[in-house]
Amino acid sequence: MKLARPIISLGAAAVVSGAALGFALAFGDRLRHEAARTSHQQPETDHWLEPVTPTSPALVVQGRRLFLGSCAHCHGADATGDEGPDLHDLQVSDRYIAHMIKFGEAHEMPSFAKKHGPPDITALTAYVRSLEN
Amino acid sequence: MESTIWAKAHGATTHFPLALAVCSVACDAAGFALARKPVGHELRAAGYWTMIFGAMGTVPAVLSGLLMTQGTVMGHDALRLHHLFVWPAFALLVALGTWRLVQGRQAPPRALAAYLVLAGVAAGLMTAAAYWGGEMMIAR
């Protein structure tokens, strides 16, 4: 009988904790889709094991230089958008940004895979990530 | 509605679970060490209530954070690092608070010792999450 209470307590702790975490993640998913529905950005699944992209002021400066050469004529010199969309405060992953630079999007944006290799794309991603409203 | 309301709410709510969890671990550890003295009983009572209120305090902190970031559960850079500590801390604190509530003030010494280790881990995770939260404030 003495053993029953700790076991019941452990079970209750696991159930309540799992339910709280599940509710929080589901609530987040709902909010994310709601926010994406009212913007031009596509909702995407968070990748839990995606590594954090290394960044530094020097990398951002290099990205800015590349941006002015390749991207500014569509996205604007200040990246607030012109023919292409505003790039400030993007709610998409680094991988999505890198993929878009590399492969582009049909009828929307050309591929820059031939012009920019992985180090350039990392710098461009760091620059785009540094743009905040 | 004012656009920064959830950022303000997150700032207002997030410090309670952090402070209460750290305080709870300190009180329980001292109560455990001074178990044979009358003050040990009082310290464990303080550890009990601070953990329960700390676990309850995680709910508004997490909800306001989700509303502030429009549902971002991982994100990028410092936000990602913040979340890598937040979610395990949240799950662990809710579990520990629930265990304490159902178990009551009395628990076998071995269970209390295991609890104390896990509560220390939860407090450490909360502190790390708070550190990265602070880094985001400085970055902005």
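## A turn after a helix

Which residue takes a positive phi just after H3(B)? That's Gln70(B), with a phi of about 55 degrees. Keep in mind as you look around that this is a predicted model.

Helix H3 of chain B itself covers residues 38-68, which makes 31 residues. From its first C-alpha to its last, helix H3 of chain B reaches 45 Å, close to the 45 Å expected at 1.5 Å a residue.

## Where the two chains meet

Now look at the place where the chains touch. Here 33 residues of chain A are in contact with 27 residues of chain B. Together the two chains bury about 2500 Å² between them, and 66% of that is on carbon and sulfur atoms. There are 0 salt bridges between chain A and chain B, but 4 residue pairs are in polar contact across the interface.

On the chain A side, helix H1 (residues 4-37) gives the largest share, with 20 residues. Sorted by class, the side of chain A that touches chain B has 18 nonpolar, 7 polar and 8 charged residues.

Leaving aside its neighbours within four places in sequence, Val102(B) is in contact with Arg5(A), Ile8(A), Ser9(A) and Ala12(A). Val102(B) counts as partly exposed because its relative accessibility is 28%.

## Three salt bridges

Over all chains, the count comes to 3 salt bridges. In one of them, the side chains of Asp29(A) and Arg32(A) meet at 3.0 Å, N to O. These two are 3 residues apart in helix H1 of chain A, so about one helical turn separates them. Asp29(A) is partly exposed at 33%, while Arg32(A) is buried at 16%.

Asp94(A) pairs with Arg129(A), with the closest N and O atoms 2.7 Å apart. Since Asp94(A) lies in helix H4 of chain A and Arg129(A) in helix H5 of chain A, this pair ties together parts that are 35 residues apart in sequence. Over in chain B, Asp28(B) forms a salt bridge with Arg100(B), also with 2.7 Å between the closest N and O atoms. That pair links helix H2 and helix H4 of chain B, 72 residues apart, and both Asp28(B) and Arg100(B) are buried.

## A serine tucked inside

Back in helix H2 (residues 15-33) of chain B, you'll find Ser24(B). Ser24(B) counts as buried because its relative accessibility is 0%.

Key:
Residues are numbered from 1 along each chain as its sequence is written. Chains are lettered from A and ligands numbered from 1 in the order in which they are written. This is a predicted model: local features need pLDDT of at least 70, side-chain atom pairs count only at pLDDT 80 or more; totals for chains, interfaces and linings use all residues. Side-chain values use heavy atoms; hydrogens and water are left out. Helices (H or I, at least four residues) and strands (E, at least two) are DSSP runs, numbered from the N terminus. Buried means under 20% relative accessible area, exposed over 50%, partly exposed in between (1.4 Å probe, protein chains only). The expected span of a helix is 1.5 Å times one less than its number of residues. Contact means heavy atoms within 4.5 Å. Buried area is the accessible area (1.4 Å probe) that two parts lose on being put together, summed over both. A salt bridge is a side-chain nitrogen of Lys or Arg within 4 Å of a carboxyl oxygen of Asp or Glu. A polar contact is a pair of N or O atoms within 3.5 Å; within protein, one must be able to donate a hydrogen and the other to accept it, and residues adjacent in sequence count only if both atoms are side-chain atoms. Ala, Val, Leu, Ile, Met, Phe, Trp, Tyr, Cys and Pro count as nonpolar, Asp, Glu, Lys and Arg as charged, and the others, Gly among them, as polar.
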